[in-house]
Amino acid sequence: MAIYRQWEAIHFTPENPVEKHFHDYDETWVISGGRCRAFMIGLDGKHEEFDLEKGDIWMVEAGVEHGCDPAPEGVDIFPFPGTIPEGSHEPGHHYVDKEHYLPTLVVKKTPTDRYKKG
């Protein structure tokens with residue numbers, strides 16, 4: 001279980017943008033200040049751009065390349081990971097041109113009789 005207390009956002013500027021990268025896990029961005037022009041390249045290769053600003057939350061699927069170009073005043077982002085599956089890289093930025101793969105998460109259904117009446 002992850003609990004985030006007293007979290008701090010990372011401040012990004014036009015001189016220090018969030019470069020295009022991916023993760024082996026889902027990631028969520030909480031925008032706590034400023035603005036940016038975010039981008040993503042979906043698993044289907046489709047490129048999309050959109051604006052993020054204070055108060056927005058962006059959930060990024062595992063394997064989706066993403067990043068942002070901050071506005072002149074910058075943007076404050078608190079990125080936090082979802083569940084990190086077995087076989088994942090260490091948390092951090094990874095690059096398709098270096099890794100040569102995109103991850104796909106699948107659900108493993110484990111049968112249980114936890115609530116069986118009887």
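This is a predicted model: local features need pLDDT of at least 70, side-chain atom pairs count only at pLDDT 80 or more; totals for chains, interfaces and linings use all residues.
Figure 1. Residues are numbered from 1 along each chain as its sequence is written, and side-chain values use heavy atoms, with hydrogens and water left out. H94 sits in the loop between β6 (65-81) and α1 (96-99). Helices (H or I, at least four residues) and strands (E, at least two) are DSSP runs, numbered from the N terminus. The H94 side chain comes to 3.1 Å from the backbone oxygen of E90. This is a polar contact: a pair of N or O atoms within 3.5 Å, where, within protein, one must be able to donate a hydrogen and the other to accept it, and residues adjacent in sequence count only if both atoms are side-chain atoms. Leaving aside residues up to four places away in sequence, H94 touches H21, F22, H89 and E99 (contact means heavy atoms within 4.5 Å).

**Figure 2. Strand β3 and its pairing partners.** Strand β3 covers residues 27-41; eleven of its 15 residues are buried, so the strand is largely enclosed by the rest of the structure. Two strands pair if DSSP finds at least two bridges between them. With β6, strand β3 pairs in the antiparallel sense over 13 bridges. Here R37 stands opposite D69 of β6. T28 has M59 of β5 as its bridge partner.

**Figure 3. The β3-β4 hairpin.** Strand β4 spans residues 47-53 and pairs with β3 over seven bridges, again in the antiparallel sense. I41 stands opposite H47 of β4. Five residues lie between the two strands of this hairpin. In the turn, G45 has a positive phi of about 90°.

Figure 4. Side chains of opposite charge can pair when their charged atoms come close. The structure holds three salt bridges (a side-chain nitrogen of Lys or Arg within 4 Å of a carboxyl oxygen of Asp or Glu). One of them joins the side chains of E73 and R35, at 3.0 Å from N to O. E73 belongs to strand β6 and R35 to strand β3, so the pair ties together parts that are 38 residues apart in sequence. E73 is partly exposed, at 44% relative accessibility. R35 is also partly exposed, with a relative accessible area of 41%.

**Figure 5. The R37 salt-bridge network.** R37, E49 and D51 are linked in a network of salt bridges. E49 bridges to R37, with the closest N and O atoms 3.4 Å apart. This pair links distant parts of the chain: E49 is in strand β4, R37 is in strand β3, and they are twelve residues apart. D51 also forms a salt bridge with R37, here with the closest N and O atoms 3.1 Å apart. D51 lies in strand β4 and R37 in strand β3, so this pair ties together parts that are 14 residues apart in sequence. The accessibility values are as follows. R37 is partly exposed, with a relative accessible area of 34%. E49 is partly exposed at 44% relative accessibility. D51 is exposed, with a relative accessible area of 53%.

Figure 6. Most residues other than glycine have a negative phi, and most peptide bonds are trans. Q6 is not a glycine, yet has a positive phi of about 50°. Q6 is placed in the segment before β1 (10-12). At 78% relative accessibility, Q6 counts as exposed. H100 is likewise a residue other than glycine with a positive phi, near 65°. H100 is found in the segment after α1. Its relative accessibility is 65%, so H100 counts as exposed.

Conventions
Buried means under 20% relative accessible area, exposed over 50%, partly exposed in between (1.4 Å probe, protein chains only).
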